Amino acid sequence: MHEHFFRTYQQAREHFVKACRDCGGELASIKHPELGPDGDVFMDVGCFGPEDAQRVVVISSGTHGVEGYTGSGIQSLLLHEEVCARLPKGTRLLMVHGVNPYGFAWQRRTNESNIDLNRNFISFEQLPENVGYREIADIFELKSWSADQDESLMAKVREFVKSKGLEWYQNALSSGQYEFPGGMFYGGLEPAWSNLTIRQVAATYLQNAGEIIWIDIHTALGPFGTAECIVDYNPASQAYRRSAELWGDRVKSMLSGDSHSAAVAGSMISGLQKTYPAIVGAGLEFGTVAGRDVILALVADQWLHRYGSPTSPEAAQIKGMMMDAFYPDSDEWRASIVGIAREVVDQAIAG
């Protein structure tokens, strides 16, 4: 198991590409216009099964860049375990490796423009408004950074939680904002490269499918080694009922408050569903470390790429914080998430 999980983008990608070829899959590689620290980066698409399949199961990784290390390891492991040989008749498997390859390679959650891709799939004619973020923007957009600032930052967060409530704070911070390009959870003002490219992938592979089950792998929400299948469906909807048929009690809706996630605007799956209503999808979210450590890593990384330098002495420490928060180097954690991933993917394939 450990041999499928890597600490650099290049190693992870090479391993995934080899696994696709070893399984006899069709492989397409789409080069990103920007470079990673070690050269070119790609959105890679592996496809297995008949072209005329009525059911397509999609497993995607790296929508939030650095979270791609986990998704890549799971994708490569499943291919190594010959998941493509277990496909029922009439089912096709699509694996999208590195939806946000730039963030993946640079160990960032966001893309080359500081855009959170799961806030970017909106109609840009009328941008969502996040009044709450305006109140907290200064806390998270540091102009200087050092590790000894952590406690003062968290003290300010606790004051907001005390005065406004935890739900207000979570929604203000993470539901998405479109006013502060250098801020947290920024959704952008136009479709990002990854948005446009994944739509091209969908147009190539999903046009004729009668049912599309989409699993998008994420990390850093929830308790260590646990998982939710997060959906943004109303619990009374047919899409929610279908999700529950597939994944049971693991399904949690961000709209009803059951999930660890706040309700967000512009997720990739919700955006694609407008074009492909046959999609039933979930974010397979694996818990890692305490939310405090996740936020501190994100704030430091925001500072590094806005005011600092990825080649500076601080960079190694900050990138270590990011990897610890989003990709724990723990055999216990890997064993837990792999077990869950196998179950969730098998349920999707079986239908």
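In which strand is H97 found? H97 belongs to strand 4 (residues 91-97).

## Basis of the model

This is a predicted model, in which local features need pLDDT of at least 70 and side-chain atom pairs count only at pLDDT 80 or more, while totals for chains, interfaces and linings use all residues. Residues are numbered from 1 along each chain as its sequence is written, and side-chain values use heavy atoms, with hydrogens and water left out. Helices (H or I, at least four residues) and strands (E, at least two) are DSSP runs, numbered from the N terminus.

H97 is buried, at 0% relative accessibility. Buried stands for under 20% relative accessible area, exposed for over 50%, and partly exposed for values in between (1.4 Å probe, protein chains only).

The side chain of H97 makes a polar contact of 2.8 Å with the side chain of S72. A polar contact is a pair of N or O atoms within 3.5 Å; within protein, one must be able to donate a hydrogen and the other to accept it, and residues adjacent in sequence count only if both atoms are side-chain atoms. Leaving out residues up to four places away in sequence, H97 touches residues including A12, F16, F42, D44 and F104. Contact means heavy atoms within 4.5 Å.

Eight strands form an open sheet in the order 1-2-4-3-5-8-6-7, with mixed pairing. Strand 1 (26-31) and strand 7 (251-253) stand at the edges with a single partner strand each, so one side of each has no neighbour in the sheet. Neighbouring strands are turned by 25° against each other on average, direction ignored. Strands count as paired if DSSP finds at least two bridges between them. Strand 5 and strand 8 (residues 279-286) pair in the parallel sense over 8 bridges, and W214 has G281 of strand 8 as its bridge partner.

Helix 2 (residues 68-80) lies across several strands, among them strand 3 (55-61), to which it runs at about 135°. Helix 12 (residues 331-350) also lies across strand 3, and runs at about 170° to strand 8. Axes are lines fitted to C-alpha atoms, for helices over the stretch in contact, and angles run from 0 to 180 degrees between N-to-C directions.

## Helix 4

In helix 4 (residues 131-140), the buried residues are G132, Y133, I136, A137, I139 and F140. Seen down the helix axis, these residues fall within an arc of 155°, so they line one face of helix 4. The arc is that of the directions from the helix axis to the C-beta atoms.

The buried residues of helix 4 pack against helix 5 (150-164), helix 6 (166-174) and helix 10 (291-306). At the start of helix 4, a side-chain oxygen of N130 comes to within 3.3 Å of the backbone nitrogen of G132.

## Salt bridges

A salt bridge is a side-chain nitrogen of Lys or Arg within 4 Å of a carboxyl oxygen of Asp or Glu; the count by this rule is 24. One of them joins E151 and R292, with the closest N and O atoms 3.6 Å apart. This pair links distant parts of the chain, E151 in helix 5 and R292 in helix 10, 141 residues apart. E151 is partly exposed at 42% relative accessibility, and R292 is partly exposed at 35%.

R242 and E211 meet in a salt bridge of 2.8 Å, N to O. R242 is buried, with a relative accessible area of 13%, and E211 is buried at 17%. R242 also forms a salt bridge with E245 at 3.1 Å, and E245 is exposed at 58% relative accessibility. R242 and E245 both lie in helix 8, 3 residues apart, about one turn of the helix. A network of salt bridges links R55, E211, R242 and E245.
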